[in-house]
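Take a look at the structure before reading on.

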Amino acid sequence: MPVIDVHSHVTPPSFREAVLGGHTWHTLTDAIGELEIPEFSISAADRIAKMDAAGVDMHVLTVNNDFYRYELDPGLTQEIARACNEEIGEMMACHPDRFTGLATVPMQDVERAVSEMEFAMAKLNYRGITINDHVNGVTFDDPRFYPFWEAVESLGAVVFFHQCGPTLVKARTSRYALPNSIGNLVDRAVTFGTLVFGGIMDRYPGLKICLGHAGGYSAFGAARMDKTWRAADMGVPEFADAKSIPRPPSEYLSRFYYDSCTYTEDTLRFVIDAVGIDRVVLGTDYPAPMVQDDPVTWLNGLPGITEAERTAILETNPAKMLGI
Amino acid sequence: MNPPSALGIVDVHAHVTPRCFSDAVLGGADWHGMTSADGELHNPMNRWTLEQRIEAMDADGIDVQLTSPTDVFYQYHREPAATDRIARSVNEEVAEMVRARPDRIAGLGTVPMQDPDRAVAELSRIVGELGMRGVMIDDHVNGHTYDEPQFDQFWAAAAELGALIFVHQYAPTSVEARIDRYFFFNSVGNLVDRTLTFGALVYGGVMDRYPDLKVCLGHAGGYTVFALDRMDQGWRAFPSMRGATLGPPSSYARRFTYDAVTYEPRTLRYLVDVVGADRVVLGTDWPAPMRVVEPVRRLSETGVLAPHEVESILRGTAAMLLGDNDRKAHETCP
């Protein structure tokens with residue numbers, strides 16, 4: 001079976017060329033797209049050479065998160081999304097055995113989001129979508145998203161959560177890269193909690209959700225969420241809606257997929273033990289500065305990870321999640 | 001110096017809502033601008049007498065409680081002089097509890113952190129004159145984090161006095177900007193804020209500048225031990241953003257102590273694996289609704305700790321944190 005990396009990004013080459021040439025690209029400028037890292041936009045052939053060197057057979061391509069643009073007019077966001085999805089879709093079409101993808105959609109307009117998701121999956125062979133941890137501050141327990149989840153479930157779409165823009169940490173500090181190194185993981189834990197306590201996982205039992213960056217602090221943080229679920233029985237008013245679900249949140253951990261984007265064996269081991277080995281999928285964050293470099297060699301070198309676990313993470317689980 | 005066992009089993013994370021406050025506000029009066037909406041008075045245990053507190057400790061098998069004022073008494077947002085008055089009243093009541101039962105109660109105070117001069121003066125008074133062990137502080141001071149240099153004189157004084165700094169959030173935590181439901185401000189937010197405090201103290205160079213500083217991170221340090229993984233990667237990936245650190249964040253993990261408020265064996269085991277049992281100390285968060293129930297029995301029977309690790313968490317680490325000051329506390333008894 002192929003080794004599949006579910007967490008890799010692309011900044012559309014046509015965007016890079018346009019904005020570095022002094023033009024705009026669907027109104028967007030060189031302020032976004034992490035242009036200081038050209039590898040986001042390398043050619044398919046060069047990317048495949050990098051994959052070969054790392055022993056990775058397939059990249060699940062997602063656009064660089066700067067291209068979500070949920071804050072713009074929904075029509076414009078959809079135009080940007082379509083341009084991204086078509087350009088990356090072309091990489092997928094030319095190299096179907098090396099690339100598949102998760103599309104971007106205008107989440108601030110649920111109807112458009114659903115129609116773009118349907119288009120991307122039906123016409124461009126995407127396996128699902130990548131979305132932010134919130135939509136302009138609105139979290140995914142909000143009833144306005146119920147039709148979205150219904151469509152996701154009926155299409156069998158994979159939903160990959162990946163933050164964008166200022167994380168919750170930014171309100172406290174901008175220093176030492178903590179908005180990324182801590183913030184990404186905070187935002188993901190809040191997403192886990194929101195989907196669970198908001199009843200989304202119960203309403204839509206067929207959802208296939210993958211939490212990027214190993215789910216952030218979800219696996220480690222479930223213990224305190226469980227405690228609030230139990231403490232809600234004490235009748236303290238603030239706790240009331242911490243009892244909104246039939247089972248403690250930790251029992252929902254195994255309902256999600258988690259990429260393996262961690263950097264130490266102890267952390268990966270904790271995630272595997274908490275969520276189950278069948279829920280962890282290779283994800284590297286290529287080519288971001290925080291990439292999990294040379295993931296196959298890294299995994300092979302971890303003495304506490306068994307061969308069966310490595311095969312599950314690298315091959316079996318990603319294929320099952322994506323329907324490959 | 002007393003042998004470590006002299007302290008017995010110590011709970012470093014337990015709170016008191018002072019009666020000087022609750023008697024006033026429950027009588028309908030305003031207390032330094034605070035009201036009955038403060039102090040978690042809906043929880044009857046926050047109005048218990050010292051005798052009731054000690055009965056609860058007896059039932060739980062706790063020998064000594066390191067009692068700290070409830071977080072609402074920080075009041076850093078007020079005029080420093082007003083916060084100082086609140087802190088002095090609260091601290092005097094905690095000191096009175098210590099004087100009444102020095103064998104059972106050790107005290108942490110609160111200080112006006114928004115005014116470091118006053119904070120140092122009150123810290124010196126409560127440790128030097130009132131026999132208290134240190135202070136509990138918020139994860140930030142009106143949005144300012146502890147890497148900022150205005151706090152240096154406070155760390156210097158704390159290190160010099162041998163005072164213990166116990167870090168504990170006050171609402172709202174940084175999660176509330178996203179969502180105000182499902183009690184996340186507490187269940188997620190407390191742990192986020194503590195992780196950021198670890199980051200601020202480490203990247204700000206505080207732990208290096210004050211090598212004798214004793215900092216205990218409440219709620220097991222929040223996500224800190226799990227977060228070192230990506231913090232270290234950030235440290236490697238962004239060399240220009242290393243602040244004042246001399247090594248990766250994980251190399252500072254053992255510079256702190258962590259209470260054992262974890263609720264789940266896997267989480268506690270991970271904490272002990274990362275920092276060592278000699279850096280973990282019993283804490284319960286008594287009498288909050290989130291308190292660890294039957295803490296001593298649960299810790300002893302968790303099934304994931306060796307006997308010597310249990311001993312460290314129940315007695316050894318606390319003796320290291322508090323033992324040096326033990327005699328001094330007794331000498332101040334009337």
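Predicted model: local features only at pLDDT ≥ 70, side-chain atom pairs only at ≥ 80, totals over all residues.

## The sheet in chain B

Strand β2 (residues 64-69) of chain B pairs with strand β3 (residues 105-109) of chain B in the parallel sense, and three bridges connect them.

Now zoom out. That pair belongs to an open sheet of eight strands in chain B, with parallel pairing, running in the order β1-β2-β3-β4-β5-β6-β7-β8. Which strands are at the edges? They're β1 (10-16) and β8 (280-281) of chain B, and each of them pairs on one side only.

## Two helix pairs in chain A

Two packed helices are described by the angle between their axes and the distance between the axes. Take helix α3 (residues 74-94) of chain A and helix α4 (residues 110-124) of chain A: their axes come within 11 Å and cross at roughly 15°. Angles under 35 degrees count as roughly parallel, so α3(A) is roughly parallel to α4(A). The crossing of these two, α3(A) and α4(A), is right-handed. On the α3(A) side, the residues that meet α4(A) include Gln78(A), Ala81(A) and Arg82(A), while the α4(A) side brings Arg112(A), Glu116(A), Ala120(A) and Leu124(A).

## Where the chains touch

The contact between the chains takes 47 residues from chain A and 44 residues from chain B. On the chain B side, α6 (184-187), α7 (189-203), α9 (224-237) and α10 (265-275) each supply at least two residues. Which of chain B's elements gives the most to the side that touches chain A? It's α9(B), with nine residues. By class, that side of chain B has 23 nonpolar, 12 polar and nine charged residues.

Chain B has a couple of cis peptide bonds to look up. One joins Ala171(B) and Pro172(B), with omega about -5°, and Pro172(B) sits in the loop between β5 (164-167) and α6 of chain B. Another runs from Trp286(B) to Pro287(B), with omega near 0°. You'll find Pro287(B) in the loop between β8 and α11 (295-300) of chain B.

Then look at phi. His213(A) has a phi near 50°, a positive value in a residue other than glycine, and its place is the loop between β6 (208-211) and α9 of chain A. Is His213(A) buried or exposed? It counts as buried, because 25 C-beta neighbours lie inside 10 Å. Over in chain B, Tyr263(B) also has a positive phi, near 75°, and lies in the loop between β7 (257-259) and α10. With 21 C-beta neighbours inside 10 Å, Tyr263(B) counts as buried too.

Conventions: Residues numbered from 1 in each chain as written. Chains lettered and ligands numbered in written order. Contact = placed C-beta atoms within 7 Å. Helix = DSSP H or I, 4+ residues; strand = E, 2+ residues; numbered from the N terminus. Nonpolar A, V, L, I, M, F, W, Y, C, P; charged D, E, K, R; others polar. Axes fitted to C-alpha atoms, helices over the stretch in contact; angles between N-to-C directions. Parallel < 35°, antiparallel > 145°, perpendicular 65-115°, else oblique. Left-handed = near helix turned anticlockwise from the far one by under 90°. Pairing = 2+ DSSP bridges. Buried ≥ 20, exposed ≤ 12 C-beta atoms within 10 Å, placed from the backbone.
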